[in-house]
Amino acid sequence: MAVNRVPVLKRCRSLGLDPVYLGYDKKSNRTNARAGKKVSEYGLQLREKQKAKFIYGVLEKPFRNYYEKADRMKGMTGENLMVILETRLDSVIFRMGFARTRREARQIVGHKHVLVNGKQVNIPSYLIKAGDVIEIREKSKSLQRYKDIVEVTGGRLVPEWMDVDIDNFKGTIKNLPTREMIDVPVDEMLIVELYSK
């Protein structure tokens, strides 16, 4: 399996991205050497795609597949793409506050700590539907790791499209998010322009 091993802050700096969107509260004091240089239209489109891929931890081939799926769905392709990325299981776990970072959420899912509607799911790219109940399995709830995570993420705002019972490590998806509910700084229209060339 391919793994992105690029240092997070370095990558955030090169994409002009705030590490908060990945769950990191560190800041980089360095400035980007290329800041202020004129970027071509293609360069802007590519940067937006790289931003989305980096935030959600998706590699090129699955990202392309998500785009094609979003294109076949009804409605705006860009908005559909963002909703698909946001409803990945690892992203939902991060949003519910059961993980400090998106990478940690991916690991929690991969290590079989998560139940969806009572069934164990260990695929980070599993797409969640409205009405799904997501919880941390009973054996894992007592682990010190989750107590530490809740201490850190307790103050994080849970999106309005989900109900979360943080004490019991359980959450319900009320409905799928709309683009307005997704606070990720990505201009999805540029990604659509890039792929539709």
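Val133 stands opposite Thr172 in strand 5, in a pairing of strand 3 (residues 133-136) with strand 5 (residues 170-173) that is antiparallel and spans three bridges. Two strands count as paired if DSSP finds at least two bridges between them; helices (H or I, at least four residues) and strands (E, at least two) are DSSP runs, numbered from the N terminus. The model is predicted, so local features need pLDDT of at least 70 and side-chain atom pairs count only at pLDDT 80 or more, while totals for chains, interfaces and linings use all residues. Residues are numbered from 1 along each chain as its sequence is written, and side-chain values use heavy atoms, with hydrogens and water left out.

**Confidence**

- The mean pLDDT (the predictor's confidence in each residue, from 0 to 100) of the chain is 86, and 93% of its residues reach 70 or more.
- Confidence is lowest in helix 1 (residues 8-15), with a mean of 79, and highest in helix 3 (residues 60-72), with 94.

**Strands**

- Strand 3 also pairs with strand 1 (residues 114-116), in the antiparallel sense and over three bridges; here Val116 stands opposite Ile134.
- Glu135 has Lys170 of strand 5 as its bridge partner.
- Strand 5 runs antiparallel to strand 4 (residues 162-165), and four bridges join the two.
- Along this second pairing of strand 5, Asp165 stands opposite Lys170 and Met162 stands opposite Ile173.
- The hairpin of strand 4 and strand 5 has four residues between the strands, and Phe169 takes a positive phi near 50° there.
- Gly171 and Ile173 form the covered face of strand 5, whereas Lys170 and Thr172 form the uncovered one.
- In a regular strand the side chains alternate between the two faces of the sheet.

**Helix 2**

- Helix 2 (residues 41-56) has 16 residues and reaches 23 Å from its first C-alpha to its last, close to the 22 Å expected at 1.5 Å a residue; the expected span is 1.5 Å times one less than the number of residues.
- Its buried residues (under 20% relative accessible area; exposed is over 50% and partly exposed in between, with a 1.4 Å probe and protein chains only) are Gln45, Glu48, Lys49, Lys51, Ala52, Lys53, Phe54, Ile55 and Tyr56.
- The cover over these buried residues includes helix 1, helix 3, helix 4 (77-86), helix 5 (89-96), helix 6 (102-110) and helix 9 (188-195).
- Gly57 follows helix 2 and has a positive phi, near 70°.

**Helix 3**

- Helix 3 has 13 residues and reaches 19 Å from its first C-alpha to its last, close to the expected 18 Å.
- Phe63, Tyr66, Tyr67 and Ala70 are the buried residues of helix 3.
- Seen down the axis of helix 3, these buried residues fall within an arc of 100°, so they line one face of the helix; the arc is that of the directions from the helix axis to the C-beta atoms.
- An α-helix has 3.6 residues a turn, so residues three or four places apart point the same way.
- Lys61 and Arg72, on the other side of helix 3, are exposed.
- The buried residues of helix 3 pack against helix 2, helix 4 and helix 9.

**Nonpolar cores**

- A nonpolar core is a set of buried Ala, Val, Leu, Ile, Met, Phe, Trp, Tyr and Cys residues joined through side-chain atoms within 4.5 Å.
- The largest core has 25 residues, and those with the most contacts inside it are Tyr56, Phe63, Leu81 and Leu85.
- Helix 1, helix 2, helix 3, helix 4 and helix 9 are the elements that give two or more residues to this core; helix 4 gives the most, with five residues.
- A second, separate core of 22 residues includes Ile93, Val114, Trp161 and Ile173.

**Tyr56 and Val83**

- Leaving aside neighbours within four places in sequence, Tyr56 is in contact (heavy atoms within 4.5 Å) with Met82, Leu85, Glu86, Arg88, Asp90, Ser91, Arg102, Ile182 and Val184.
- Val83 lies in helix 4 and counts as buried because its relative accessibility is 15%.
- Val83 and Ala70 are 13 residues apart in sequence and 8.9 Å apart in space, C-alpha to C-alpha.
- With neighbours within four places in sequence again left aside, Val83 is in contact with Pro177 and Ile182.
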